[in-house]
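Let us walk through this structure step by step. Keep the sequence and the 3D view side by side.

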Amino acid sequence: MGAWDLLLAGLVLLLGLWGVLLPGVPGSWLVWAGVLWWALKDPRPVAWWVLVGATVVLFLSQVVRWALPPRRLRAGGDDGRMLAYAGCGSFAGFVLLPVIGAVPGFLTGVYLFERLRLGRRREAVAAARTALRSGGWSVLTELFTCQLITAAWLGAVFWG
């Protein structure tokens, strides 16, 4: 597989990661499509194992998300800036403390946004809980799944 194909597949994965945070963009489908494209272009068995793993993990993620409340973040008064804070916190946590750092990073991003918006700690904690109940857990589940798939892809590209 050429460098341009790898770069384009990586860009599709990156677009999918950010698409999870944007309403109306099928982020998880873009991540899966990027891995599928890479697997079709790269004949190594590791590419197909990453694709199978991505498919299974995305399916399990969908099952978990169906059990969670639907995404109604806008109805709860939260906007795109909150998702930007949460997404940046999740990405930073995923990099600083690989894999498990994404969850506390996401929660910290939501809390930081609410703290800056409201000013008081107690009100920020209550608002962050409300945001998570109104769909934040669903966003976190989808984002974490896409981060895991992207990390597996990066691992297979660099060390596979």
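Buried means under 20% relative accessible area, exposed over 50%, and partly exposed in between (1.4 Å probe, protein chains only). Helices are DSSP runs of H or I with at least four residues, numbered from the N terminus.

This is a predicted model: local features need pLDDT of at least 70, side-chain atom pairs count only at pLDDT 80 or more, and totals for chains, interfaces and linings use all residues. Residues are numbered from 1 along each chain as its sequence is written, and side-chain values use heavy atoms, without hydrogens and water.

Now the buried side. Gly27, Ser28, Val31, Gly34, Val35, Trp38 and Ala39 of helix 2 are buried. They cover an arc of only 135 degrees around the axis, so they sit on the same side of helix 2. The arc is taken from the directions from the helix axis to the C-beta atoms. These buried residues pack against helix 1 (3–21), helix 3 (45–67) and helix 6 (121–159). Contact here means heavy atoms within 4.5 Å.

Move on to helix 6. Glutamine 147 lies there. Is this glutamine 147 buried or exposed? Glutamine 147 is buried, with a relative accessible area of 3%. Leaving aside residues up to four places away in sequence, glutamine 147 touches Leu17, Ser90, Phe91, Phe94 and Ala102.

Helix 3 holds tryptophan 49. Tryptophan 49 counts as exposed, at 65% relative accessibility.

Terms used: Helix = DSSP H or I, 4+ residues; strand = E, 2+ residues; numbered from the N terminus.
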